[in-house]
Amino acid sequence: MIQTRSSPLLGPCLALVAVLHVFHHPTPTDAGAVPMTSENIDMTLASNELVFLNFYAEWCRFSNILAPIFNEAADKIKEEFPDAGKVVLGKVDCDKETTIASRFHINKYPTLKIVRNGQLSKREYRGQRSADAFLEFVKKQLEDPIKEFQSLKDLETLDSKKRSIIGYFDRRDQPEYDTFRKVATNLKEDCQFHVGFGDASLAMHPPGTPIIVFRPDVALSHDNDETFTGSLQNFDELKIWIQEKCVPLVREITFENAEELTEEGLPFLILFHRPDDHNSIKDYKSIIERQLLDEKQNVNFLTADGKRFAHPLHHLGKSEDDLPLIAIDSFKHMYLFPHFSDMYTAGKLKQFLQDLYSGKLHREFHYGPDPTNNEIQAETGKGTSPPESKFKELGPSKHRYTLLEKDEL
């Protein structure tokens, strides 16, 4: 991955925030996005439900194209949401505010990041860059992320493909529900959230004691529900628990999420499968969970529709007829797991990853299997190179961002 030094973010001072919310129609001096600085960034993030940040550089052509659009969107959003504490669009001049840019790990200009309830979203904004699109995005972000059910029978028709977090409360005005709502706002892309109040949830919790449970995507009944046992008034504790339940160890890569997955910078271990092959996916996930859980900080475990991602397969010398198969994309090269059936042999996939880390995969691609004795294998000719990474091509587009090399900073 391309790495760069980031710059510090700038945020509106309290006086300016007050002015912006009193006057719904901005004057020429307060129109547009609010400049963020080291002095006001923390207060801005802490005092607003949603902060939408544009990290830019004056010398960047793409930043200059976006600037008037983002300012126009800021004015529209101020009119739509005039109440203080709801939403702020801020802009950070990364050449001036280098500390903020560093803090937010900026590696391309312009970068659009979202902070909800003081928590940075792991997903950047990657949608259409127009004032109307930004407005619609903010509206969507501020929608209530929790669906209310009127009876327990409603929970029998949940989307079984999504993991669910369900809250059972006496009343909406309980402080525990406010914590639940804030966490749901931050994690609504990862789970579906449901809540019942009063009689609708009375059978599921003792009076005066709200309960929050996790329902896996494979279960439609409450038999497999897992109950949160921590403090329902501790935002961080509840968020960590829900995040662990909702973000799967094995994710599906699509053309829509490939850029953000690539930007995480971890190698991909990918199962390429036929669109209707659910058994291989199930077995792959089970093996990853049982044997490779300790590798989750080092690699992204993914599944990919081999029909949609035919190009990487072709690059490996394979086609849809060869599915299912497993490969590593290191963002430099791609390596094929020799035999899919070896996945079922304990330790084989783990060794495949260890061979990547040690350089053995690359070495053996050039020169064949490592020697089994102490003799140094003689080089018999110029080695060939393993297939180059194809998924790195799905990273940030050079036609939309200025990408920064580390030695430029």
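1. The axes of α3 (residues 61-80) and α5 (residues 131-141) cross at roughly 45° and come within 8 Å. Axes here are lines fitted to C-alpha atoms, for helices over the stretch in contact, with angles running from 0 to 180 degrees between N-to-C directions. Helices (H or I, at least four residues) and strands (E, at least two) are DSSP runs numbered from the N terminus.

2. The model is predicted: local features need pLDDT of at least 70 and side-chain atom pairs pLDDT 80 or more, while totals for chains, interfaces and linings use all residues. Residues are numbered from 1 along each chain as its sequence is written, and side-chain values use heavy atoms, with hydrogens and water left out.

3. The crossing of α3 and α5 is right-handed, that is, the near helix is turned clockwise from the far one by less than a right angle. On the α3 side, the contacting residues include Leu66, Ile69, Phe70 and Ala73; on the α5 side, Phe134, Leu135 and Val138 are among them. Contact means heavy atoms within 4.5 Å. By class, this contact has nine nonpolar, no polar and five charged residues, where Ala, Val, Leu, Ile, Met, Phe, Trp, Tyr, Cys and Pro count as nonpolar, Asp, Glu, Lys and Arg as charged, and the others, Gly among them, as polar.

4. The largest nonpolar core has 22 residues. Such a core is a set of buried Ala, Val, Leu, Ile, Met, Phe, Trp, Tyr and Cys residues joined through side-chain atoms within 4.5 Å. Leu269, Tyr284, Ile288, Phe301, Ile326 and Leu349 have the most contacts inside it. At least two residues of this core come from each of β13 (268-273), α9 (278-291), β15 (325-329) and α11 (348-358).

5. One joins Tyr109 and Pro110, with omega about -15°; Pro110 is in the loop between β4 (108-109) and β5 (111-116). Another joins Leu323 and Pro324, with omega about 0°, and Pro324 lies in the loop between α10 (310-315) and β15.

6. Positive phi values also occur outside glycine. His105 has a phi of about 55°, in the loop between α4 (98-103) and β4, and is exposed at 62% relative accessibility. Phe331 has a phi near 75°, in the loop between β15 and β16 (334-336), but is buried at 9%. Buried means under 20% relative accessible area, exposed over 50%, and partly exposed in between (1.4 Å probe, protein chains only).
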